[in-house]
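The sequence and structure are shown first.

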Amino acid sequence: MARAGAAVWHDVGVPTPIAPFALSRRGLFRLAGAAALSAATVSTVAACAQDEISGPALDSLTAQLRAARSDATDATAAATAIPDYAAALGVVAAQRTEHADALDTEIARATGATTDTSTSASTTTVAPPAPPPDIAAVREMLTASARSAADAARNESGYRAGLLGSISASCTVSALVVLA
């Protein structure tokens, strides 16, 4: 039992350490918000930095762009000739068109210029259209595009390496799964 006049544990003051400055909860939120805004600004500026490409890197991306457009055209042509695979070939054509658009956007961003991969006829004679490829030929084209994109990805870094690796994976899945 407690003696009369004796202090009990809850009557004794607890010393609190004195901080060099007091930070309220509102101040803490302001500080956290400023830090987040600063981090977002720095990352945006770094991501939007213009890293110029030329030479082999530009040639590699342009070759991938041409291959994607060619594969999309061939898959569309094959879809009209092979009704059993029309839906799957439509998916392949749509994906390869998206790949071409992404590559076109990256080339334009990195070079500051638009790309023009269309072929113009310099002669007056028009060759008859080639027959649409069969499923085996489309699979071979996709496999070659996957291998080419994977090889190009090894020579890149950052976003471009990821883009080319993604294209390689998509082409592999299209050849082995979608067109199975």
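## Terms and basis

A residue is called buried under 20% relative accessible area, exposed over 50%, and partly exposed in between (1.4 Å probe, protein chains only). The model is predicted: local features need pLDDT of at least 70, side-chain atom pairs count only at pLDDT 80 or more, and totals for chains, interfaces and linings use all residues. Residues are numbered from 1 along each chain as its sequence is written, and side-chain values use heavy atoms, with hydrogens and water left out.

## Overall fold

The chain holds five helices and zero strands; helices (H or I, at least four residues) and strands (E, at least two) are DSSP runs, numbered from the N terminus. Of its 180 residues, 26% are buried. The accessible surface amounts to about 12,100 Å², with 62% belonging to carbon and sulfur atoms; such areas come from the Shrake-Rupley method with a 1.4 Å probe, and for residues only the protein chains shown count as cover.

## Nonpolar core

A nonpolar core is a set of buried Ala, Val, Leu, Ile, Met, Phe, Trp, Tyr and Cys residues joined through side-chain atoms within 4.5 Å. The largest one has 27 residues, and L164 is among those that touch the most other members. Helices α2 (56-81), α3, α4 and α5 each contribute at least two residues to this core.

Contact means heavy atoms within 4.5 Å. Beyond its neighbours within four places in sequence, L164 contacts residues including L61, L103 and A149.

## Salt bridges

The structure contains seven salt bridges, each defined as a side-chain nitrogen of Lys or Arg within 4 Å of a carboxyl oxygen of Asp or Glu. In helix α3, E106 and R109 lie three residues apart, about one turn of the helix, and their closest N and O atoms are 2.9 Å apart. E106 is buried because its relative accessible area is 4%, whereas R109, at 30%, counts as partly exposed.

R160 and E156 also form a salt bridge (3.9 Å, N to O), and both residues are buried. Salt bridges link E106, R109, E156 and R160 in a network.

In helix α4, R154 and D151 are likewise three residues apart, with their closest N and O atoms at 2.4 Å. R154 is exposed at 61% relative accessibility, and D151 is partly exposed at 39%.

P132 lies in the loop between α3 (86-111) and α4 (135-154). P132 and A78 are 54 residues apart in sequence, yet 5.1 Å apart from C-alpha to C-alpha.
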